[in-house]
Amino acid sequence: MATNKNTELLPAYLVVGEDALKREAVLSRLRRRMEAFGDLSFNSDDLNGEVIEGAAVVSACNTIPFASEKRLVYVRNADKLKKADSEEVVAYLKSPASTTVLALEAEKLAKNTRLYKAVAALGKSAVIDCAPPKSYELPRQVRAMATSHGVTFTDGAAVKLVELVGENTVHLDNEIKKIALAHRGRDAVNENEVIALTARTAEVKPWEFVDAFAARDLAKCLRFLQLMESTSPHALIAMCVNRIRELMCAQSLMRRGSVSQLPRALGMPDWRCKHHATWARKFAGAELRRAVISARDVEQAMKSGADPNAAFLDWVVGVLK
């Protein structure tokens, strides 16, 4: 959506993507632009796609604004509209009202859906992509967000905040606000300050556990296991064995002086295996081979009635101790 106030507003926008903070910012800009036309308290509707009927959306869009040039119709959860209701909105978009701006917000909406295509046909800026940053980009975004709240974060503090809070940008922004209010002085917020002021609300991701496993950090693995309620030990042991095989490959290439070929050998981008050589040095080759063999035995035991969580924990301790 263009930010120039002189740019003509389109009759509808689709604000789509998993970055909730970005969606919130886009919708706030749109509301500010709409407020220039008149009082939005008399000229706006806030509808929920999970429960609203398509006919009600169309009726709201066709309502004449009061003492204003335009009115705003906002539909949250537009991706949850039922098929028939979505089709009514699609039909409306073929000839939309000139006095209404329809804002459809969705976390996910496939590009091949009729609703997505109907909005996209209105103009090149009609669909606003709010895709989230990649996981490895989040700490950098946290540092950028912090400056808007009057503080700076060290690299370690930003990484720690993402670890504790998760990847939801709205939650991250709220925690940054809280930390900024408590922070004293002009020094950057450090990792210890984040730990002191932030409670963990994010479940540990499986890849975080596997990274700690590869780093041979038993204490972190044990701590992470307590924060992974929704991840099965069956899935974790398979992921750990895959990582062990990657480390075995890294050791083989290191012996030949070809460790730079690791990304190509594993079929991974460079950033995904930048720590593999360091991790591989923490294990003897025989240890990695024994870990793979013992994993086979543990998986068989887990499928034969042994407590999966206890069996997996024993295996992790045995490999890393």
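This note sets out numbered points on the packing, contacts and backbone of a predicted model.

1. Helix α2. This helix comprises residues 54–61, and its buried residues are G54, V57, V58, A60 and C61. Viewed down the axis of α2, these buried residues fall within an arc of 160°, so they line one face of the helix. The cover over that face includes the strands β2 (44–48), β3 (71–76) and β4 (100–106), together with helix α3 (83–93).

2. Helix α14. Residues 285–302 form α14, and at 1.5 Å a residue its 18 residues should span 26 Å; the end C-alpha atoms are 26 Å apart, which agrees. The expected value rests on 1.5 Å times one less than the number of residues. L288, A291, A295, V298 and M302 are the buried residues of α14. They cover an arc of only 80° around the axis, and therefore sit on the same side of α14. An α-helix has 3.6 residues a turn, so residues three or four places apart point the same way. The partners against which the buried residues of α14 pack are α11 (233–255) and α15 (308–320).

3. The site of D173. Is D173 buried or exposed? Its relative accessibility is 10%, and D173 therefore counts as buried, the cut-off being under 20%. D173 belongs to helix α7 (residues 169–182). Its side chain makes a polar contact of 2.8 Å with the side chain of H149. When neighbours within four places in sequence are set aside, the residues in contact with D173 are L21, M145 and H149.

4. Aromatic pairs. How many aromatic pairs does the structure hold? There are five. A pair of aromatic rings is described by the distance of the centres and the angle of the planes. For Y136 and W271 the ring centres are 4.7 Å apart and the planes lie at 35°, so this pair is tilted. The pair links distant parts of the chain, 135 residues apart: Y136 is in the loop between β5 (127–129) and α5 (138–147), and W271 is in the loop between α12 (262–266) and α13 (276–280). Y136 is partly exposed, with a relative accessible area of 48%, and W271 is also partly exposed, at 47%.

5. Aromatic cluster and a charge over a ring. F209, F213, F312 and W315 are joined into a cluster by ring pairs. Elsewhere, R31 lies over the face of Y74, at 5.0 Å from the ring centre.

6. Positive phi values. Most residues other than glycine have a negative phi. N77, which is not a glycine, has a positive phi of about 55°. N77 is placed in the loop between β3 and α3 and is partly exposed, with a relative accessible area of 25%. R216, likewise a residue other than glycine, has a positive phi near 60°. The loop that holds R216 runs between α9 (206–214) and α10 (218–225). With a relative accessible area of 22%, R216 is partly exposed.

Methods
Residues numbered from 1 in each chain as written. Predicted model: local features only at pLDDT ≥ 70, side-chain atom pairs only at ≥ 80, totals over all residues. Heavy atoms only, no water. Buried < 20%, exposed > 50% of the residue type's maximum accessible area, 1.4 Å probe, protein only. Helix = DSSP H or I, 4+ residues; strand = E, 2+ residues; numbered from the N terminus. Arc of directions from axis to C-beta. Contact = heavy atoms within 4.5 Å. Polar contact = N/O pair within 3.5 Å; in protein donor to acceptor, adjacent residues only side chain to side chain. Phe/Tyr/Trp six-rings, centres within 6.5 Å; stacked < 30°, edge-to-face > 60°. Lys NZ or Arg CZ within 6 Å of the ring centre and 35° of its normal.
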